[in-house]
Amino acid sequence: MSCITRNILQVFITGWLWLGFSAAWSQSHFPVDSSFTLRRELTKQLKHHPDIHPAEVGDTSMLSLHRDVVYTSYGQRQLHADIVFLSERAAEKMPVILFVHGGGWSSGNKSMEHPLAFEMARRGYAAVCVEYRLSPEAGYPAAVIDLVTAIKWVRAMADTYPFDPEKVVLEGTSAGAQLVSLLGSINNQSDLFTTPKYAAYSGEVQGVINIDGVLAFLHPDSSEGMDRPGKPSAATRWLGSTAHENPERWKEASALTHINKNSAPFLFINSSLPRFGAGRDDLIEQLTKYDIPSRKHQHENCPHTFWLFHPWFKTTVQWMDDFMQEIILL
């Protein structure tokens, strides 16, 4: 057996054992969908964009990092947050950006937001990357309620971490962007997604950063709900019914449905793929009617997951920082 063959076999066996352990672990705790990872996404996108490379967390020497802090629990099931901020500003109160990962409401994890979060932390923000329940474990509206809890928890922890409770902004990528946009559009003006946890604290936010996330499921530009025989779409799996079976639920889960005079300001950062901007211009039009500010930017010739990769990462971060400076920190 050649050295190369032996190494390939060793990698295969190691991977097989790891997958077996992972499956056994998930079955004894909660189901896990590992289809959306940085490695898999890089492999997929290199076929179309051979010059890209993953964004890194960068130099962490000046940062304070608190990993896997429990922000809520359901029985023995705990949900965690990673918190990062400049060590030299630990005694101050910093604007908070709460980062919500994507993955079709089914996969992904909070560490995929680390490159964006760490870079924004270096720019003077307290970054909080949160875990939430995904569709294999719990369908709609569990994830939304988790995030309402996370917003309130941030305010409850203002005496423990350098959080400014008056400046809390939501950031989401893809499915995470859909979630944060839904909450930012309602912005604590409805009892639709209530939670008894941290009841003394507000679920209102001061801004939303939507990175390539759908704003209206039932929209001419949206391709969500394109089910195939034996293979329901990610949205159908999450919402628990098809658009035909329960259109009101699909409408309820859409940020565009809920814009009101108290909705948060929005920043949109999009690829040029129309399906991921579904409802964006309609929502901006509604915000404008209420004199609520918004900003929009678009990358050309990029994959949907552009925020994970160079050369789009730095520009994305700059647009985020500009929005914070222009709208949130006035």
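User: Let us begin with a single residue. Which residues does I328 touch, not counting residues up to four places away in sequence?

Analyst: Please note that the model is predicted. With sequence neighbours up to four places away set aside, I328 touches K167, V169, Q206, G207 and F323. I328 belongs to helix α9.

User: Why does I328 count as buried?

Analyst: Buried means under 20% relative accessible area. I328 has 9% relative accessibility, so I328 counts as buried. L134 is located in the loop between β5 and α4.

User: Which residues is L134 in contact with, leaving aside its neighbours within four places in sequence?

Analyst: L134 is in contact with H101, W105, S106, S107 and G108. The C-alpha atoms of L134 and N109 are separated by 9.6 Å, and these residues are 25 apart along the chain.

User: I would now like to turn to aromatic rings. How many aromatic pairs does the structure hold?

Analyst: A pair of aromatic rings is described by two quantities, the distance of the centres and the angle of the planes. The structure holds nine aromatic pairs. One of them is formed by Y71 and W153; it is tilted, with 6.1 Å centre to centre and 50° between the planes. This pair links distant parts of the chain, as Y71 is in strand β2 (residues 63-74) and W153 is in helix α4 (residues 142-156), 82 residues apart. Y71 and W153 are both buried.

User: What is the geometry of the aromatic pair formed by Y140 and W238?

Analyst: Y140 and W238 form an edge-to-face pair, at 5.2 Å centre to centre and with 85° between the planes. Y140 lies in the loop between β5 (126-130) and α4, while W238 lies in helix α6 (residues 234-239), so the pair ties together parts that are 98 residues apart in sequence. Both Y140 and W238 are buried. These two residues also belong to one aromatic cluster, formed by W105, Y140, F193, F217, W238 and W250.

User: Where does R77 lie, and where does the charged end of R133 sit?

Analyst: R77 lies over the face of F30, at 3.7 Å from the ring centre. The charged end of R133 sits over the ring of Y74, at 3.8 Å from the centre of that ring.

User: Next, helix packing. At roughly what angle do the axes of α3 and α9 cross?

Analyst: Two packed helices are described by the angle between their axes and the distance between the axes. The axes of helix α3 (residues 114-122) and helix α9 (residues 313-328) cross at roughly 50° and come within 11 Å. That angle makes α3 oblique to α9. The crossing of α3 and α9 is right-handed. On the α3 side the contact is made by P115, L116, E119 and M120, and on the α9 side by F313, T316, V317, M320, D321 and M324.

User: Which residues meet where α4 and α5 pack?

Analyst: A143, V144, L147, V148 and I151 in α4 meet L179, L182 and L183 in α5. The axes of α4 and helix α5 (residues 175-186) come within 10 Å and cross at roughly 65°, and this crossing is right-handed.

User: What is phi of N187 and of N301, and is each residue buried or exposed?

Analyst: N187 has phi near 50°, a positive value in a residue other than glycine. N187 is in the loop between α5 and β7 (207-211) and, at 2% relative accessibility, counts as buried. N301 has a positive phi of about 50° although it is not a glycine. N301 lies in the loop between β9 (294-298) and β10 and, at 61% relative accessibility, counts as exposed.

How values were computed. Residues are numbered from 1 along each chain as its sequence is written. This is a predicted model: local features need pLDDT of at least 70, side-chain atom pairs count only at pLDDT 80 or more; totals for chains, interfaces and linings use all residues. Side-chain values use heavy atoms; hydrogens and water are left out. Rings of Phe, Tyr and Trp (its six-membered ring) pair if their centres lie within 6.5 Å; planes under 30 degrees apart count as stacked, over 60 as edge-to-face and the rest as tilted. Helices (H or I, at least four residues) and strands (E, at least two) are DSSP runs, numbered from the N terminus. Buried means under 20% relative accessible area, exposed over 50%, partly exposed in between (1.4 Å probe, protein chains only). A charge sits over a ring if NZ of Lys or CZ of Arg is within 6 Å of the ring centre and within 35 degrees of the ring normal. Axes are lines fitted to C-alpha atoms, for helices over the stretch in contact, and angles run from 0 to 180 degrees between N-to-C directions. Angles under 35 degrees count as roughly parallel, over 145 as roughly antiparallel, 65 to 115 as roughly perpendicular and the rest as oblique. A crossing is left-handed if the near helix is turned anticlockwise from the far one by less than a right angle, and right-handed if clockwise. Contact means heavy atoms within 4.5 Å.
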